[in-house]
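Please open the structure in your viewer and keep the selection tool at hand. The tour below goes from one selection to the next and says what to look for at each stop.

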Amino acid sequence: MNEVIQMVDLKSQYKKIKEEVDTALLAAVDAGAYINGPDVKTFAKKLEEFNQVNRAVTCANGTDALQIAMMGLDFKPGDEVIVPAFTYIATVEVIALLGLIPKFIDVKTNTFELDHTQLESLISEKTVGVIPVHLFGQCSNMEAILEIAKKHNIAVIEDTAQAMGAEYIFADGSKAFAGTIGDIGTTSFFPSKNLGCFGDGGALLTQNEELGEKLHVIANHGQKKKYHHDSIGVNSRLDTVQAAILNVKIQYLNEYSAARQKVATKYDENLANIEGLVLPERASYSTHVFNQYTCQVKNSRRDELKAYLQEKGVPTMVYYPIPVHLQKAYQVYGYNEGDFPVAEQLCKDVISFPIHTEMKDEVQDYIIQCIHNFFENGK
């Protein structure tokens with residue numbers, strides 16, 4: 001393959017909308033309002049309209065969004081928050097930073113979501129919230145989670161960093177976007193996300209307008225009026241320049257999701273029935289926007305496949321190689337190997353193949369052929 005294969009081809013994506021993005025960037029710079037400029041307010045409104053949510057609050061990044069959410073819900077040091085053992089570290093990091101206690105829960109083998117059947121058994125008198133992570137691009141089983149959360153009066157924070165634009169399908173057929181179903185949804189606009197800017201950015205979504213205002217105040221040093229601080233807050237702002245970019249790119253989010261789904265479908269059709277390779281399962285209650293196309297390689301051959309594809313010029317990623325409860329920084333919470341067997345096995349088996357909005361058929365054909373060659377030739 002002569003072409004350099006990318007996990008995510010952001011440069012080609014930019015070139016398609018270069019004129020619109022460049023115009024927006026120059027206008028933002030020319031306006032001179034580099035902090036909380038008009039583009040930030042415009043983007044917040046566009047987020048609300050796209051997600052059909054009452055309030056969107058922008059912030060500096062997805063990790064800040066999680067922290068602001070927990071501050072907005074008045075979680076206190078010593079409170080327990082239930083969180084998957086198989087997730088990116090940021091989901092748990094802010095729990096620790098706020099002096100809260102992470103209570104880990106295992107995940108489901110094929111959808112990678114929090115295993116709601118284990119949820120109720122983990123709730124104690126100290127539990128204040130649960131964070132379903134919509135990993136790799138599709139929603140967790142929100143109806144089941146909400147039912148348990150309501151029964152025990154605990155908050156639900158959706159980590160939607162990888163699933164912006166995915167839709168949850170309720171039992172009655174109604175739909176809602178990821179991040180708009182629980183008390184608060186958080187997201188990231190890191191460049192490789194389905195809706196990404198050219199740096200860092202994040203946001204919170206909520207249907208509760210009063211809570212939304214509280215989150216807005218916390219993100220702005222706890223002030224409603226300049227130099228009047230009614231609560232303890234943080235300094236977490238979406239940069240005006242990044243908002244200008246996002247105002248252009250949000251118009252293409254549905255198109256981007258469709259492009260990723262097309263790539264995923266081609267993988268599904270061409271990698272099916274390979275013994276030893278488990279394809280990602282699409283949940284019946286959610287659409288999938290495929291921030292990642294993550295498979296499982298059985299029989300301890302994941303690293304062998306990864307090395308083989310690297311030799312052939314095909315990049316892959318492992319999301320994630322170590323479950324959070326076994327990370328050195330989180331050993332203080334007393335968990336051991338074997339506590340969350342599904343998460344631990346996934347960390348040994350998962351591999352993500354290239355997927356992005358600009359994937360060329362011939363490139364994907366080559367990737368697929370290389371995967372087949374590995375399994376069929378026993379290499």
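Select Y34 and T240 together, and you will find that in this predicted model the backbone oxygen of Y34 lies 3.0 Å from a polar atom of the T240 side chain.

Keep T240 selected and show the helix around it, which is α9, covering residues 240–249. Is T240 buried or exposed? With a relative accessibility of 2%, T240 counts as buried, because the cut-off for that word is under 20%. To see what surrounds T240, select its contacts beyond the neighbours within four places in sequence, among them A28, A33, I35, N36, D39 and V40.

Next, move to the open sheet, in which 3 strands follow the order β12-β13-β14 with antiparallel pairing. Select β12 (277–278) and β14 (350–353), which stand at the edges; each has a single partner strand, so one side of each is left without a neighbour in the sheet. In general, the strands of a sheet pair through backbone hydrogen bonds, in either a parallel or an antiparallel way.

Then select β13, residues 293–297, and follow its antiparallel pairing with β14, which extends over 4 bridges. Within this pairing, pick out C295 and look across to β14, where I351 stands opposite.

Finally, select helix α10, residues 253–271, which lies across β12, β13 and β14 and runs at about 25° to β13.

Technical notes:
Residues numbered from 1 in each chain as written. Predicted model: local features only at pLDDT ≥ 70, side-chain atom pairs only at ≥ 80, totals over all residues. Heavy atoms only, no water. Pairing = 2+ DSSP bridges. Helix = DSSP H or I, 4+ residues; strand = E, 2+ residues; numbered from the N terminus. Contact = heavy atoms within 4.5 Å. Axes fitted to C-alpha atoms, helices over the stretch in contact; angles between N-to-C directions. Buried < 20%, exposed > 50% of the residue type's maximum accessible area, 1.4 Å probe, protein only. Polar contact = N/O pair within 3.5 Å; in protein donor to acceptor, adjacent residues only side chain to side chain.
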